[in-house]
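This briefing sets out the fold, the nonpolar cores and the charged contacts of one protein model. Please consult the sequence and the coordinates alongside the text.

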Amino acid sequence: MGGGDGGAVPMTVTRVNVTTPSTADASQKRRKQPANFQCPVPGCGSTFTRHFNLKGHLRSHAEEKPYQCKWPGCGKGFARQHDCKRHEQLHLNIRPYPCEGCKKNFARMDALNRHLRSEGGAECRKLQEELTPGGPTSQTPEGSSEPVAGPSSMKPDPDGGWGAGGLML
C-alpha cells in the first residue's frame, strides 16, 4: 500500500493512536473499494481509500485543527472540515436521530446507539426492539447485536428544516 507522499512525514506526531478499533472496524466493513493509502506514522496502521482522507487523518496525528467553528464565542477547532460542519449543526440544534422510546433527538447515530446501550436507555431499547422485531442490527466488536438507528424517515424539507421532530428550536 502506498502512502502517496514518497514516505516523507513532514510533521510532528503528538498522538500515535487517533483511530479507535471500533472506528477502524466500521470503516473496513463499509468499504467497497481497496484502501490504497496507508498512514505512514509508525504504529498507526490506518488505511484509506482516498488520499484526501489520509491528509485529514495526518492532521489528527499532529493535532492540527485548521477548521474553526464560526459560532460566536465557540471557536472550537477540527482537523477535518466535515467534523467542523457537523459540530456547527449542534449549535443549531439539528438532531435528526430520534429515540423511539423517550422521544429524545440525537445529532449523531452513534450517540443514539450509545444511548440505547446505556442503563438509562434500557427501556428505550426494549421499545425499539418491539417496534422493529427482526429489524436492522449491527455487530459490535464483541459480537453482540445492537440496534442501529437512522433517519429513515428523516428528510430535509424544502424550507431547510427536518421532518419528524428532527429540528428543535
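What percentage of the 169 residues in the protein chain do buried residues make up? Buried residues account for 27% of them, where buried means under 20% relative accessible area, exposed means over 50%, and partly exposed lies in between (1.4 Å probe, protein chains only). The model is predicted: local features need pLDDT of at least 70, side-chain atom pairs count only at pLDDT 80 or more, and totals for chains, interfaces and linings use all residues. Residues are numbered from 1 along each chain as its sequence is written, and side-chain values use heavy atoms, with hydrogens and water left out.

**Overall fold**

- The protein chain contains five helices and eight strands; helices (H or I, at least four residues) and strands (E, at least two) are DSSP runs, numbered from the N terminus.
- Along the sequence, these elements follow the pattern α-β-β-α-β-β-α-β-β-α-α-β-β.
- Of the contacts in the protein chain between residues at least 6 apart in sequence, 36% join residues at least 24 apart; contact means heavy atoms within 4.5 Å.

**Annotated segments**

- An unreviewed UniProt entry places the feature "domain: C2H2-type" at residues 37–66, 67–96 and 97–124; the positions are given in the numbering used here, feature names are shortened, and annotations may be inferred rather than shown by experiment.
- Residues 37–66 are 37% helix and 13% strand, with the end C-alpha atoms 22 Å apart.
- Residues 97–124 are 43% helix and 14% strand, and here the end C-alpha atoms are 14 Å apart.

**Nonpolar cores**

- The largest nonpolar core has seven residues, namely Tyr97, Cys99, Phe106, Ala111, Leu112, Leu116 and Cys124; such a core is a set of buried Ala, Val, Leu, Ile, Met, Phe, Trp, Tyr and Cys residues joined through side-chain atoms within 4.5 Å.
- Helix H4 (residues 109–117) contributes the largest share of this core, three residues.
- Another core, of six residues, lies apart from it and includes Cys39, Val41, Phe48 and Leu58.

- Leu92 is located in the loop between helix H3 (81–91) and strand S5 (97–98), and counts as partly exposed because its relative accessibility is 43%.
- Leu92 and Trp71 are 21 residues apart in sequence, and their C-alpha atoms are 9.6 Å apart in space.
- Met109 belongs to helix H4 and is partly exposed, with a relative accessible area of 30%.
- Between the C-alpha atoms of Met109 and Pro98 the separation is 9.0 Å, the two residues being eleven apart along the chain.

**Salt bridges**

- Side chains of opposite charge can pair when their charged atoms come close.
- The structure holds seven salt bridges, each defined as a side-chain nitrogen of Lys or Arg within 4 Å of a carboxyl oxygen of Asp or Glu.
- Arg108 and Asp110 meet through their side chains in a salt bridge of 2.9 Å, N to O; Arg108 is partly exposed at 33% relative accessible area, and Asp110 is partly exposed at 33%.
- Arg80 pairs with Asp83 in a salt bridge whose closest N and O atoms are 2.8 Å apart; Arg80 is partly exposed at 35% relative accessible area, whereas Asp83 counts as buried at 12%.
- Glu123 and Lys126 form a salt bridge with their closest N and O atoms 3.5 Å apart, and both lie in helix H5 (residues 122–131), three residues apart, about one turn of the helix.
- Glu123 is exposed, with a relative accessible area of 57%, while Lys126 is partly exposed at 47%.
- Salt bridges that share partners join Arg80, Asp83 and Arg86 into one network.

**A buried arginine without a salt bridge**

- Arg59 lies in helix H2 (residues 51–61).
- Although buried, Arg59 has no salt bridge, and the nearest side chain of opposite charge, Glu64, is 5.3 Å away; Lys and Arg count as positive and Asp and Glu as negative, while His and the chain ends are not counted.
- Not counting residues up to four places away in sequence, Arg59 touches Glu64, Pro66, Tyr67, Ala79 and Arg80.
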